[in-house]
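Please keep the sequence and the model open while reading them.

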Amino acid sequence: MDELLVVGRVLVSLAVVAGLIWYLARRFGGAGRTPADDREPHVRVVDRQALGRSAGVAVVAVGSRRLLVGFGEQQVTMLTELGPVHEQPAPAVPAPRPAPRADALPGAQLPTGGLAGSVLSPATWRATVRALQDRTVRR
């Protein structure tokens, strides 16, 4: 009976220690942290422009603030603070246009014969090449 009591005490002690370790890891550890939990602002270079061989200006985002800084070989200087950042949603990507039909292309002839409309028809390949040229050539 004493042995069973000792085993029970050991199991309870192990559960308490494991629970304490889990709690401390969640409270102070980095595994359960999300980016929203970070207390430090995020710093990133939004854009930069060279003004010389080793000098330029850059827009730096720190949290929701934007700073215009000048930089050279020896130092970085804050020039001014720009307006706050307003995140804009990404522009919607237009849906691809459907390929023009072979009979709608100028100069296209309707295929006739046994291969008309099949992959083996030369007219199908010509129409495909014209459709690709229309999509890729800048006018």
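1. Strands β1 and β2 form a hairpin, and five residues lie between them. Strands here are DSSP runs of E with at least two residues, helices are runs of H or I with at least four residues, and both are numbered from the N terminus. Two strands pair if DSSP finds at least two bridges between them.

2. A word on the source and the numbering. This is a predicted model, in which local features need pLDDT of at least 70 and side-chain atom pairs count only at pLDDT 80 or more, while totals for chains, interfaces and linings use all residues. Residues are numbered from 1 along each chain as its sequence is written, and side-chain values use heavy atoms, with hydrogens and water left out.

3. The pairing of β1 with β2 can be followed residue by residue. Strand β1 covers residues 43-50 and runs antiparallel to β2, with seven bridges joining the two. Val45 stands opposite Val60 in β2, and Ala50 stands opposite Gly56 in β2.

4. β2 also pairs with β3, again in the antiparallel sense, over seven bridges. Val57 faces Gly70 of β3 as its opposite residue. These two strands form a hairpin with two residues between them, where Gly63 has a positive phi near 65°.

5. Is β2 enclosed or open to the outside? Five of the seven residues of β2 (residues 56-62) are buried, so the strand is largely enclosed by the rest of the structure. Buried means under 20% relative accessible area, exposed means over 50%, and partly exposed is in between (1.4 Å probe, protein chains only).

6. The whole sheet is open and has four strands in the order β1-β2-β3-β4, with antiparallel pairing. β1 and β4 (76-82) are at the edges with a single partner strand each, so one side of each has no neighbour in the sheet. From one strand to the next the twist averages 25°; axes for such angles are lines fitted to C-alpha atoms, for helices over the stretch in contact, and angles run from 0 to 180 degrees between N-to-C directions. Six bridges join β3 to β4, and Arg66 stands opposite Leu82 in β4.

7. Leaving aside residues up to four places away in sequence, Val69 touches Gly56, Val57, Ala58, Val60, Val76, Thr77, Met78 and Leu79, where contact means heavy atoms within 4.5 Å. Val69 and Val59 are ten residues apart in sequence, with their C-alpha atoms 6.3 Å apart.

8. Side chains of opposite charge can pair when their charged atoms come close. A salt bridge is counted when a side-chain nitrogen of Lys or Arg is within 4 Å of a carboxyl oxygen of Asp or Glu, and the count comes to one. The side chains of Arg65 and Glu81 form a salt bridge at 3.0 Å, N to O. This pair links distant parts of the chain, with Arg65 in β3 and Glu81 in β4, 16 residues apart. Arg65 is partly exposed at 43% relative accessible area, and Glu81 is partly exposed at 40%.

9. Val6 has 48% relative accessibility and so counts as partly exposed.
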